[in-house]
Amino acid sequence: MFPKHSRYVTRGVIETIGPDIQSALWSIIDRELNEGKEMDYLQVFSLSIVHTGGKVYQRIRHRQEKPERKRTYDLSGIREPVSGVTVWIIDSGTYCTMLLPEEY
């Protein structure tokens with residue numbers, strides 16, 4: 001599931017979020033896999049910006065439906081944090097694609 005050699009990113013994602021956020025999303029997938037978590041074919045990431053202690057963080061809310069799981073990550077050092085964006089990563093069984101819901 002979610003093969004590293006067959007990962008694609010759509011034009012909408014490239015135009016909307018920077019490579020550091022894209023990399024963070026793939027890393028979250030890899031971490032879940034390395035922890036042996038059961039993965040749904042659809043992974044959902046909601047992006048927002050959080051200000052804490054004078055610092056800006058990229059908040060990533062990661063969820064899936066089956067089995068139901070939710071996690072939140074606050075990342076520092078993101079060059080251009082974004083807010084109000086949802087990103088899907090879909091595993092087709094052969095390859096996986098990072099896309100915006102409106103591109104589906």
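## A tour of aromatic pairs and salt bridges

Under the rule that rings of Phe, Tyr and Trp (its six-membered ring) pair when their centres lie within 6.5 Å, the count comes to two aromatic pairs. Planes under 30 degrees apart count as stacked, those over 60 as edge-to-face and the rest as tilted. The model is predicted, so local features need pLDDT of at least 70 and side-chain atom pairs count only at pLDDT 80 or more, while totals for chains, interfaces and linings use all residues. Residues are numbered from 1 along each chain as its sequence is written, and side-chain values use heavy atoms, with hydrogens and water left out.

**First stop: Y8 and Y95**

Select Y8 and Y95, which form an edge-to-face pair, 5.8 Å centre to centre with 80 degrees between the planes. Y8 lies in strand β1 (residues 7–9) and Y95 in the loop between β5 (85–91) and β6 (96–99), so the pair ties together parts that are 87 residues apart in sequence. Helices (H or I, at least four residues) and strands (E, at least two) are DSSP runs, numbered from the N terminus. Y8 is partly exposed, with a relative accessible area of 47%, and Y95 is partly exposed as well, at 39%. Here buried means under 20% relative accessible area, exposed means over 50%, and partly exposed is in between, with a 1.4 Å probe and protein chains only.

Y104 counts as exposed because its relative accessibility is 71%. If you display the surroundings of Y104, leaving aside neighbours within four places in sequence, you will find W88, I90 and L99 in contact with Y104, where contact means heavy atoms within 4.5 Å.

Select residues 19–34, which make up helix α2. At 1.5 Å a residue, the 16 residues of α2 should span 22 Å, and the end C-alpha atoms are 22 Å apart, which agrees; the expected span is 1.5 Å times one less than the number of residues. The buried residues of α2 are I21, Q22, A24, L25, W26, I28, I29, D30 and E32. Just after α2, G36 takes a positive phi of about 75 degrees.

Which residues are linked with E32 in a network of salt bridges? Selecting E32, E35, K37, R69 and R71 together brings up that network, in which a salt bridge is a side-chain nitrogen of Lys or Arg within 4 Å of a carboxyl oxygen of Asp or Glu. E32 counts as buried because its relative accessibility is 0%. E32 forms a salt bridge with R71, the closest N and O atoms being 2.7 Å apart. This pair links distant parts of the chain, with E32 in helix α2 and R71 in strand β4, 39 residues apart.

The side chains of R69 and E32 also meet in a salt bridge, 2.8 Å from N to O. Again the pair links distant parts of the chain, R69 being in strand β4 and E32 in helix α2, 37 residues apart. R69 counts as buried because its relative accessibility is 16%.

Keep R71 selected and show strand β4 (residues 69–75), in which R71 lies. At 29% relative accessibility, R71 counts as partly exposed. Not counting residues up to four places away in sequence, R71 touches E32, E35, K37, I60, R61 and H62. The side chains of R71 and E35 are joined by a polar contact of 3.3 Å; a polar contact is a pair of N or O atoms within 3.5 Å, where within protein one must be able to donate a hydrogen and the other to accept it, and residues adjacent in sequence count only if both atoms are side-chain atoms.

**Last stop: helix α1**

A search of the whole structure finds seven salt bridges. One of them joins R11 and E15, with the closest N and O atoms 3.5 Å apart. Both residues lie in helix α1 (residues 11–16), four residues apart, about one turn of the helix, and both R11 and E15 are exposed.
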